[in-house]
Protein chains: 2
Amino acid sequence: MSATAPPTKPLPNAATAAAALAPGKRQLLDAALRLCQDGRALSSLGLRELAREAGLNPNTFYRHFNDLDELGLCLLDEIAGQLRGPLSELRYAAAARSELDATPRPQLLGLDMGRGRQVVHETVNLFFDFVDRHPHAFMVGVRELHGPSPVLRDALQRMMDDFADDIRRDCRKLELLPEGLAEHQLEQLALLITHTLFRQALDYLMQPEQHTLIRALTEEHVLMLATGAAVLQHVDQLRLPVKPAKSRDQR
Amino acid sequence: MSATAPPTKPLPNAATAAAALAPGKRQLLDAALRLCQDGRALSSLGLRELAREAGLNPNTFYRHFNDLDELGLCLLDEIAGQLRGPLSELRYAAAARSELDATPRPQLLGLDMGRGRQVVHETVNLFFDFVDRHPHAFMVGVRELHGPSPVLRDALQRMMDDFADDIRRDCRKLELLPEGLAEHQLEQLALLITHTLFRQALDYLMQPEQHTLIRALTEEHVLMLATGAAVLQHVDQLRLPVKPAKSRDQR
DNA sequence: ACGTTAGGTATACGTTTGTATACATCGCGT
DNA sequence: ACGCGATGTATACAAACGTATACCTAACGT
């Protein structure tokens, strides 16, 4: 009962989080998002082009940003705000639901495969529902992750790391993985899951006709990763209960 | 003994594969690679900029390409030629080496964890050695995978699929995974490994001080994936040995 | 009532871009 | 010897770009 949907959320249907933004600034940010919607990269946008799309004077851009990178950062902040909180809530909701269904499940190597499957199924599907509701955010995000601007790349990288950290924390708290799993392994697992999810989100957005397939495949991928991590930890525990486990071979 | 290094390869140290390329064309391609080396995307290059870097007249570009996409495709073809063959050979060499060392290894769920670990260790390290030798290729490749140009994206996607297919084929032939693994699962596994490898290659190239760390982590990732796939297959086999095994839940 | 500041506009300048047309050079088949 | 196609160069031009300067207007504290 520790996790239920928050009660009376105002539910802002779009980017309405940070109020009191100058109207021009908003228009510019929206214009940027709009221009990126069909595959463009943030860094390929021009100052003038942006203003044109926003229906503003080119120079208005300068009132709010010095740089295109600055606009990019602003946009990413907004996106991050839209993603992090809600996604973690989704995870909690899914876990809470699976808590109710407390029937014993098939076990393997000490981990509850059944519950894992169900939680993965739910969270992955909730994730894609979320992607459906915020298409541009993922478009821009994943694109800029490997984009040309170092500033934006770093920001995105940080954002992904935060996201992975949320996953890691939630996995621990909800006990979705064996408690013996080393922290650094859980960290790597969370990172892999994050990257997988985001990459698949892009595919998902770009091939609307394969939505159900991609959802199923992604489920499988995440399950694969989680299982692998759990089993490997198990094996490691059997193999080297004594050795200092430092310094791999010649590398 | 079925797999040894091919005997007398001329070993072209760089892009010398397709001979008889007009000198201007070569210079342009090289210039593009050079300009992409520090984080630029192919699609962000200008026709004139390219010619300038190559020390040529802007119009020379038109002699060889109609479009920037055309140059991109040409470059990607060249890169693909450099990667596919050699990488598969590397895998064979590693597997052959592990065949010699035929000591029995710890088993888990019917798969040879020891041999798996070793093969992963070797192939991942060989992969990164290869990355060291072809930095620009990976830079450009991974970048353009999520880049703005649909043409290049598709080409890259196809290239990745081919690469994954090589992995899949080699895994089958070298019996690195339980023979019960369904074809479509092996396919997904190969895709995941491919994407993981390439993404890590980018990180690897951009953070030279963390080379050894990234190598170790990538090993872990691949091992995680492979183990997960193997175990999941095992579980599935136990769970539904009777059912028609079609149609999971409401997908 | 006044000055200051933020937000938005108008115009202008120099640069770079993509593209077009015309010209020079080399190799090569007949 | 001639022509011709392939390659590379020179020059030119319209468009788009980033940037700078100057002006307009509304809000606000004092």
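Analyst: Let's start with the kinds of residue there: the surface near DNA strand D divides into five nonpolar, six polar and three charged residues. Here Ala, Val, Leu, Ile, Met, Phe, Trp, Tyr, Cys and Pro count as nonpolar, Asp, Glu, Lys and Arg as charged, and the others, Gly among them, as polar. Keep in mind that this is a predicted model, in which local features need pLDDT of at least 70 and side-chain atom pairs count only at pLDDT 80 or more, while totals for chains, interfaces and linings use all residues. As for labels, residues are numbered from 1 along each chain as its sequence is written, and chains are lettered from A and ligands numbered from 1 in the order in which they are written.

A residue is near a strand if its C-beta atom, placed from the backbone, lies within 6 Å of it. Which elements supply at least two residues each of this surface? They are α2 (47-54) of chain A together with α1 (23-36) and α3 (60-64) of chain B. The largest share, three residues, comes from α2(A). Helices here are DSSP runs of H or I with at least four residues, strands are runs of E with at least two, and both are numbered from the N terminus.

Now look across to DNA strand C. Of the 14 residues around it, A:G24, A:N57, B:G46, B:L47 and B:R48 come nearest. Two or more residues each come from α1 (23-36) and α3 (60-64) of chain A, together with α2 (47-54) of chain B. Here α2(B) gives the largest share, three residues.

Let's step back to chain A as a whole. Chain A has nine helices and two strands, and from the N terminus on its elements run α-α-α-α-β-β-α-α-α-α-α. Of its 251 residues, 37% count as buried; that label takes 20 or more other C-beta atoms within 10 Å of a residue's own, while 12 or fewer makes it exposed, anything in between makes it partly exposed, and the C-beta atoms are placed from the backbone. Among the contacts in chain A with a separation of 6 or more, 74% join residues 24 or more positions apart. Two residues are in contact if their C-beta atoms, placed from the backbone, lie within 7 Å.

One helix pair in chain A deserves a visit. The axes of α6 (residues 135-145) and α8(A) come within 9 Å and cross at roughly 120°. α6(A) and α8(A) are therefore oblique to each other. The contact is made by A:P135, A:F138, A:M139, A:G141 and A:V142 of α6(A), and by A:F198, A:R199, A:A201, A:L202 and A:L205 of α8(A). By class, this contact has eight nonpolar, one polar and one charged residues. On the angle words: under 35 degrees is roughly parallel, over 145 roughly antiparallel, 65 to 115 roughly perpendicular, and the rest oblique. The axes are lines fitted to C-alpha atoms over the stretch in contact, with angles running from 0 to 180 degrees between N-to-C directions.

Where does chain A meet chain B? 34 residues of chain A are in contact with 33 residues of chain B. On the side of chain A that touches chain B, α6, α8 and α9 (211-239) each supply at least two residues, and α9(A) gives the most, with 14. The residues of that side divide into 17 nonpolar, eleven polar and six charged.

Over in chain B, helix α6 (residues 135-145) is mostly covered, with nine of its eleven residues buried; among them are B:F138, B:M139, B:R143 and B:L145. B:A226, in helix α9 (residues 211-239) of chain B, counts as buried because it has 26 C-beta neighbours inside 10 Å. Leaving out residues up to four places away in sequence, B:A226 touches B:G116, B:V120, B:L177 and B:L189.

For a contrast, find A:E175 in the loop between α7 (150-174) and α8 (183-206) of chain A. A:E175 has a positive phi of about 55° although it is not a glycine, and it counts as exposed, with 11 C-beta neighbours inside 10 Å.
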